[in-house]
Amino acid sequence: MKVSNERKKELQEQYRLTKPDMGIFAIIRRSSPKYYLEATQDLKSAMNGAEFKLNAGMHPRRELQEDWKEAGKDGFEIKVLEQAEYDKDESKVDYEDDLALLKLMWVEKLTGEAVELY
């Protein structure tokens, strides 16, 4: 199946305009409600990267890494807590402050529920 040059350009432009999901995810220890939170502009990549680092023994959060080593992958759940929306203003590209605020809101919510954080 041969794809025309026009179609290739169209697909490349469509890919370039595709924005990754952003928001906050958690790595949750199943045996005790203990959460590691991370806010990111690319949820899928950050979640995969965190799991890779944990499996390789290279995660920067030492306490989380030690618990992962002890309990293994099955002792944890990695899930998206909340997705953030992109602004309608296409010129905005930096969502760092928005994500930091979102993370702070989740920290307050979870500490209010007596959840321990890494």
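Close-up 1. Met-105 belongs to helix 4 (residues 96-112); helices (H or I, at least four residues) and strands (E, at least two) are DSSP runs numbered from the N terminus. With a relative accessible area of 47%, Met-105 is partly exposed, where buried means under 20%, exposed over 50%, and partly exposed in between (1.4 Å probe, protein chains only).

A word on the model before the next views: it is predicted, so local features need pLDDT of at least 70 and side-chain atom pairs count only at pLDDT 80 or more, while totals for chains, interfaces and linings use all residues. Residues are numbered from 1 along each chain as its sequence is written, and side-chain values use heavy atoms, leaving out hydrogens and water.

**Close-up 2. Tyr-86 with its aromatic partner Tyr-95 and the charged end of Lys-19.** Rings of Phe, Tyr and Trp (its six-membered ring) pair if their centres lie within 6.5 Å; planes under 30 degrees apart count as stacked, over 60 as edge-to-face and the rest as tilted. The count by this rule is two aromatic pairs. One of them is the edge-to-face pair of Tyr-86 and Tyr-95, at 5.3 Å centre to centre and 90° between the planes. Tyr-95 is buried at 1% relative accessible area, whereas Tyr-86 is partly exposed at 25%. Over the ring of Tyr-86 sits the charged end of Lys-19, 4.8 Å from the ring centre (the rule asks for NZ of Lys or CZ of Arg within 6 Å of the centre and within 35 degrees of the ring normal).

**Close-up 3. The salt bridge between Arg-29 and Asp-67.** A salt bridge is a side-chain nitrogen of Lys or Arg within 4 Å of a carboxyl oxygen of Asp or Glu, and the count comes to six. Arg-29 and Asp-67 meet at 3.2 Å, N to O. Arg-29 lies in strand 1 (residues 22-29) and Asp-67 in helix 3 (residues 62-71), so this pair ties together parts 38 residues apart in sequence. Arg-29 is buried at 12% relative accessibility, and Asp-67 is buried at 13%.

**Close-up 4. Lys-34 meets Glu-116 in another salt bridge.** Their closest N and O atoms are 3.6 Å apart. The pair links Lys-34 in strand 2 (residues 34-40) with Glu-116 in strand 4 (residues 116-117), 82 residues apart. Lys-34 is buried at 8%, while Glu-116 is partly exposed at 46%.

**Close-up 5. Gln-41 in the loop between strand 2 and helix 2.** Gln-41 is partly exposed, with 30% relative accessibility. Leaving aside residues up to four places away in sequence, Gln-41 touches several residues, including Pro-20, Met-22, Tyr-86 and Tyr-95 (contact means heavy atoms within 4.5 Å). From Gln-41 to Ile-24 is 8.8 Å in space, C-alpha to C-alpha, and 17 residues in sequence.
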